[in-house]
Amino acid sequence: MEFLCQFEVRDILGKGSFSEVKRCIDKRTKTDYAVKELPYRNKKEKSKITNEVEILQKLDHHNIIRLHYMYAGQQSYYLVLEHASGGDLLNDIVCRSMFSEQTAREISVQILDAVQYLHDKHVVHRNIRPEKFVLAWKSVSDQPFPPIKLTGFGIARRLTDEWDTVRCQVEGSPLYLAPETVTDQPIGTPVDIWACGVILYILLAGYPPFWSTQRPQLFKLITNGQIRFPQAELKGISPEAMSRLSKMLNVEPKERITADQSKKETWIVCEKWPFNAKRKLKGAVLTVFAMNRMQESGSS
């Protein structure tokens, strides 16, 4: 196989529902990469992979994982990607002993940079969540947050010049699905903004804005869009951050703030205040287990 002739496969970096990512080394240059193996059993699964490849090949942004090479096997594709050694964002949230609103802002700015670039390219990611962002290197408390890279374009869709929405089946992690997705309406770029809002809420509060162990109840909470801002958990969070959350988690897609508008908000440029890191860490740990249970008990 051509891939194995050029690369030496090493340790596992991560596993998904349908793929596995491993570290690999170019035998000639000794450069580290990440290889994502995507097996397929039929034409439909093969088409889904080629869609991901075609989208990645057209992207070039510092906050989006870069596709360097692609190899076709007998019943699988091998995507050789940029290697980011810092783990994923969710793991970083859990492992941090300290967290501040300023750090949440730094992360949010990078996320929105990636999302704005995608939307300018008429691409909807549809599966934005902390696990889909990897850190270029491990973060260090009291230091600027490292560059993050958006990954996981398996269910991404490209919009046409004529239409800014598309019909899709309900896919993605339930906690981050927008109201229009769970009600089976045509979706567009606003679904990514909703997911970004959920991530920001988790960064500030340590748990999701909408939560239930039962999928129908969770979807009802999402469609109602009633966001709670508990004083105990969000004490010390700036009004600018709270306002930003409300605009990103607007149940009406057409009224939801865009990535470009969000980057111009006062919250991006004003000074921030710290919040209770230990309480947020506890909440984040609970979120991890809750998300895992949700993904295991329900189908995408």
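In the predicted model, Lys36 is located in strand S3, which spans residues 32–39. An unreviewed UniProt entry places the annotation "binding site" on Lys36. With a relative accessible area of 12%, Lys36 falls under the 20% limit and is therefore buried.

Eleven aromatic pairs are present in the structure. In one of them, the ring centres of Trp194 and Phe210 are 5.6 Å apart and the ring planes meet at 10°, so this pair is stacked. Trp194 belongs to helix H6 (residues 190–205), whereas Phe210 is found in the loop between H6 and helix H7 (215–224); the pair therefore ties together parts that are 16 residues apart in sequence. Both Trp194 and Phe210 are buried. Elsewhere, a cluster linked by ring pairs is made up of Phe3, Phe7, Tyr33, Tyr69, Tyr71 and Tyr78.

Rolling a probe the size of a water molecule over the atoms shows where empty space is left. Over the whole structure, the search returns three cavities of 30 Å³ or more. The volume of the largest cavity is about 150 Å³. Its lining comprises 18 residues, of which Arg126, Glu171, Leu177, Thr181 and Val191 are the closest to the centre. H6 contributes the most to the lining of the largest cavity, namely three residues. Classified by residue type, the lining of the largest cavity contains eight nonpolar, five polar and five charged residues.

At least two lining residues of the second largest pocket come from each of helix H4 (101–120), H6 and helix H10 (259–263). The most are given by H4, which supplies three residues to the lining of this pocket. The lining of the second largest pocket includes nine nonpolar, ten polar and seven charged residues.

The arrangement of buried residues was examined in helix H9, which covers residues 239–248. In H9, the buried residues are Ala241, Met242, Arg244, Leu245 and Met248. When viewed down the axis of H9, these buried residues fall within an arc of 160°, so they line one face of the helix. An α-helix has 3.6 residues a turn, so residues three or four places apart point the same way.

Backbone geometry was considered last. Most residues other than glycine have a negative phi. His122, however, has a phi near 60°, a positive value in a residue other than glycine. This residue, His122, is situated in the loop between H4 and strand S6 (123–124). The relative accessibility of His122 is 37%, and His122 therefore counts as partly exposed. Asp184 likewise has a positive phi, near 60°, and is a residue other than glycine. The position of Asp184 is in the loop between H5 and H6. Asp184 has a relative accessibility of 45%, so Asp184 counts as partly exposed.

How values were computed
Residues are numbered from 1 along each chain as its sequence is written. This is a predicted model: local features need pLDDT of at least 70, side-chain atom pairs count only at pLDDT 80 or more; totals for chains, interfaces and linings use all residues. Side-chain values use heavy atoms; hydrogens and water are left out. Rings of Phe, Tyr and Trp (its six-membered ring) pair if their centres lie within 6.5 Å; planes under 30 degrees apart count as stacked, over 60 as edge-to-face and the rest as tilted. Helices (H or I, at least four residues) and strands (E, at least two) are DSSP runs, numbered from the N terminus. Buried means under 20% relative accessible area, exposed over 50%, partly exposed in between (1.4 Å probe, protein chains only). On a 1 Å grid over the protein atoms alone, a cavity is a set of points where a 1.4 Å probe fits but cannot get out, and a pocket is an open set with protein on both sides within 12 Å along at least five of seven lines; lining residues have an atom within 4 Å of a point. Grid points are joined across faces, edges and corners, and a volume is the space filled by probe spheres set on the points. Ala, Val, Leu, Ile, Met, Phe, Trp, Tyr, Cys and Pro count as nonpolar, Asp, Glu, Lys and Arg as charged, and the others, Gly among them, as polar. The arc is that of the directions from the helix axis to the C-beta atoms. UniProt positions are given in the numbering used here, feature names are shortened, and annotations may be inferred rather than shown by experiment.
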